[in-house]
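Here are a few notes to read alongside the model. Have the structure open while you go through them.

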Amino acid sequence: LSPWFPPRYIWAVVEGLLGFDASGERMRVTPHFPSHWSWCGLQNVPCRKRSVTWFAAKVPDLRIWSTDEADADCPVRVLPTQLGETAGCSGDEARAIALRDQSSVVALVGNTSDRTVTTALRIRDLQGRFACRRFESLSQRWTTLDPLSADDLDAGLTVLLEPKGFALFELVASSQRNGQS
C-alpha cells in the first residue's frame, strides 16, 4: 500500500493520538491527546470480530467509558451497549456517544467547533425515570439535576458547550416504589 493511502493516517491517529491498541489479549486505551483537549471518542471500531465504542473525558481527571473491557492508565467503566441511532444531538458541530448497561446510561456530548454552540441531547426508546448528574467542561464540576423521565430525554436536553468542550450525563434508573416509577 502507498504511504499516502488515507486509512493509514486515520489509523495512525487512532493508535497514536487516541491510544487504541487491540494487539494484546485485551484492548488497551491510553489517550495521548494534547493538554487542551478535554474529550475524545471512537465509535464502531473493529476489534476482534466485533465493534467497540469508547470515549474519554476529563471529569476533571481522565476517565474512559467503553463497550468492552480495556486496560488503561485511568479508570474504565464498561457499559456494553452502544445506543447508536437512539441517541444523538442537534447541529453539525456537536457529537453524541451514549452507552448503557442494565440500570444506567452515560452520554457524552462534545463540541467539535471553535465557537460556543447550543445543542439538544436526545435519547429515545428508554422507559421510566432517571436520577441524573451532569459534568460540564466549562465549569469543571458535577451538577445534580432533577430526575428526568424517558419523555424528557426523548424531547431533548438543552446543552451549551464552549469551544471544543463537552458535557457528560450520567443517568441511573430510579427504582420503582409502590408500583410507581
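**Notes on the predicted model**

1. Searching the whole structure turns up zero disulfides.

2. Is Cys40 buried or exposed? Cys40 counts as buried because its relative accessibility is 5%. Cys89, with 23%, counts as partly exposed, since the buried class stops under 20%.

3. Now the open sheet: three strands in the order S9-S12-S15, with antiparallel pairing. S9 (87–89) and S15 (157–161) are the edge strands, each pairing on one side only. On average, neighbouring strands here are turned by 25° against each other, direction ignored.

4. Look at how S9 meets S12 (residues 117–123): the two run antiparallel and are joined by three bridges. Ala87 has Ile123 in S12 as its bridge partner.

5. Which residues touch the most other members of the largest nonpolar core? They are Leu121, Ile123, Leu153, Phe169 and Leu171, out of 23 residues. At least two core residues come from each of S10 (94–100), S11 (104–111), S12, S13 (129–136), helix H2 (150–155), S15 and S16 (166–173).

6. Leaving aside residues up to four places away in sequence, its contacts include Cys89, Ala107, Val109, Leu153, Val159 and Phe169.

7. Finally, another core of 14 residues lies apart from the largest one. Val29, Phe33, Val45 and Ala70 are among its members.

Terms used: Residues numbered from 1 in each chain as written. Predicted model: local features only at pLDDT ≥ 70, side-chain atom pairs only at ≥ 80, totals over all residues. Heavy atoms only, no water. Disulfide = S-S within 2.5 Å. Buried < 20%, exposed > 50% of the residue type's maximum accessible area, 1.4 Å probe, protein only. Pairing = 2+ DSSP bridges. Helix = DSSP H or I, 4+ residues; strand = E, 2+ residues; numbered from the N terminus. Axes fitted to C-alpha atoms, helices over the stretch in contact; angles between N-to-C directions. Core = buried A, V, L, I, M, F, W, Y, C linked by side-chain atoms within 4.5 Å. Contact = heavy atoms within 4.5 Å.
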